[in-house]
Amino acid sequence: MPEVGGGSSAEPMIELRDVVKHYRTRGRGVVHAIDGVSLTVGHGEILGLVGESGCGKSTTARLLTALEQPTSGRITVAGRDVAGARGSGLRELRRTVQMVFQDPYASLDPRQRIGDAIGEVLRVHGLAGGKEDVRREVTRLLELVGLLPGIADRFPHQLSGGQRQRVGIARALAVRPQVLVLDEPVSALDVSVRAEIINLLARLRDELTLTYVFISHDLAMVRHLADRVAVMYLGQVVEEGPWEAVSDSATHPYTEALQAAVPVADPELERSRRTGSVRGEVPDAARPPAGCRFNPRCPLAEDVCREVAPELLPLGAAHRYACHVRQRERAGAPSGRGVS
Ligand code: ADP
Ligand code: MG
């Protein structure tokens, strides 16, 4: 985490306390999208939020950006209570924290020129007055994300995927936010373009002292950007800590499984590693397993794992994980099984 000037408080930029989000559905019953998540993100820090599809990452993103309200728990962003925000407070919050989506195409009007799409954001938030004002600011924003001013006259379909995602980022930056919540921002892009966008995000974080929550289903994707990583499984954080700590030490078996799923150059080898790493699929969040939610897929599972939910316990200063077996091993108690 970089040193952040300004001497602002030691208060985190983002704080989630025991956040729960349940969806009451007709066919499926109560979906436990988020079940007791507590997280903090410091000023200027990048938190990578990872986990397979269906683990509650996008729900977390919608809660952080006040697009939805939690069922219970507390969320603060830049010292503001997200759940309690209404009216002007909510508008200000929406300026403070902006979302970048996987597919910027979906949020762009195909008949609207890029310059107008960005200009619209400026006008809605009263951030630019006359036509000249808007044009100048649009040019500044395009340059900020590495695009030429001429892009302003183009339509979305005339842009490459990478250019469109740059426009998506420019639109988010138009309101001069402090926090970006990026939901799979490079997952839809060609591999060759991903690194460019990651590099752009890294530069923008430094230049503008932004705080990011960077969401990905792929642990490898957050490697080059995140200061800290939180691994989610079925609506809960199962491991959290500085990137090096989470990637280096054998802690939560789900994190290990995600690491084993990191794509390798050989597609044959990749397939074998994938299938060998995590068995089966994420269970339905409407019927989360008892005990540790990962137990039906876990190679280490024991009786206790099927009965008792493990706590997220600290390992060192900033690293926490929730696994009965690994916690006992660390504590030095005899282990009754072998690691396969
Ligand atoms: P992720 O982004 O990690 O793939 P999501 O946050 O999208 O996960 O979804 C978490 C769980 O919540 C899934 O089981 C999903 O089907 C469910 N879910 C998400 N949004 C809704 C909704 N509006 N209504 C009902 N269930 C939902
Ligand atoms: Mg998602």
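## Asp183, a buried aspartate

Asp183 is buried, with 10% relative accessibility. Buried means under 20% relative accessible area, exposed means over 50%, and partly exposed lies in between (1.4 Å probe, protein chains only). Asp183 sits in strand β7, residues 179-183. Strands (E, at least two residues) and helices (H or I, at least four) are DSSP runs, numbered from the N terminus.

Which residues does Asp183 touch, leaving aside those up to four places away in sequence? They are Ser58, Ala61, Val100, Phe101, Gln102 and Ile215. Contact here means heavy atoms within 4.5 Å. Phe101 is 82 residues from Asp183 in sequence, yet the two C-alpha atoms are 5.2 Å apart.

## Basis of the model

This is a predicted model, in which local features need pLDDT of at least 70 and side-chain atom pairs count only at pLDDT 80 or more, while totals for chains, interfaces and linings use all residues. Residues are numbered from 1 along each chain as its sequence is written, chains are lettered from A and ligands numbered from 1 in the order in which they are written, and side-chain values use heavy atoms, with hydrogens and water left out.

## Helix α5 against α6

Helix α5 spans residues 161-173, and helix α6 spans residues 191-208. Their axes come within 10 Å and cross at roughly 20°. That angle makes α5 roughly parallel to α6. Axes are lines fitted to C-alpha atoms, for helices over the stretch in contact, and angles run from 0 to 180 degrees between N-to-C directions. Angles under 35 degrees count as roughly parallel, over 145 as roughly antiparallel, 65 to 115 as roughly perpendicular, and the rest as oblique. The crossing of α5 and α6 is right-handed.

From α5, the contact uses Gly162, Gln165, Arg166, Ile169 and Leu173. From α6, it uses Val193, Glu196, Ile197, Leu200, Leu201, Leu204 and Leu208. By class, this contact of α5 with α6 has eight nonpolar, two polar and two charged residues. Ala, Val, Leu, Ile, Met, Phe, Trp, Tyr, Cys and Pro count as nonpolar; Asp, Glu, Lys and Arg count as charged; the others, Gly among them, are polar.

## Helix α3 against α5

Helix α5 also packs with α3, residues 114-124. Here the axes are 9 Å apart and the angle is about 25°. The two helices are therefore roughly parallel. The crossing of α3 and α5 is right-handed.

Ile114, Ala117, Ile118, Glu120 and Val121 of α3 meet Val167, Ala170 and Arg171 of α5. The contact of α3 with α5 holds six nonpolar residues, no polar ones and two charged ones. Which residues of α3 are buried? They are Ile114, Gly115, Ala117, Ile118, Gly119, Val121 and Leu122. Their cover includes α5 and also α4, residues 131-144. Just after α3, Gly126 takes a positive phi of about 60°.

## Helix α1

Helix α1 covers residues 57-64 and is mostly covered, with six of its eight residues buried. The buried residues are Lys57, Thr59, Thr60, Ala61, Leu63 and Leu64. Ala61 is also among the residues that Asp183 touches. Just after α1, Ala66 has a positive phi of about 60°.

## Loop residues

Two loop residues have a positive phi without being glycine. Ala78 lies in the loop between β4 (72-77) and β5 (80-81). Its phi is near 50°. At 32% relative accessibility, Ala78 is partly exposed. Glu184 lies in the loop between β7 and α6. Its phi is about 55°. Glu184 is buried, with a relative accessible area of 10%.

Ser160 is found in the loop between α4 and α5. Ser160 is partly exposed, at 39% relative accessibility. Ser160 and His32 are 128 residues apart in sequence, and their C-alpha atoms are 37 Å apart.

## Cysteines

How many disulfides does the model have? The count is zero. A disulfide is a pair of cysteine sulfur atoms within 2.5 Å. For Cys292, the nearest cysteine sulfur is that of Cys305, 6.2 Å away. Cys305 is likewise in no disulfide. Cys292 is buried at 12% relative accessibility, and Cys305 is buried with a relative accessible area of 6%.

Methods
A crossing is left-handed if the near helix is turned anticlockwise from the far one by less than a right angle, and right-handed if clockwise.
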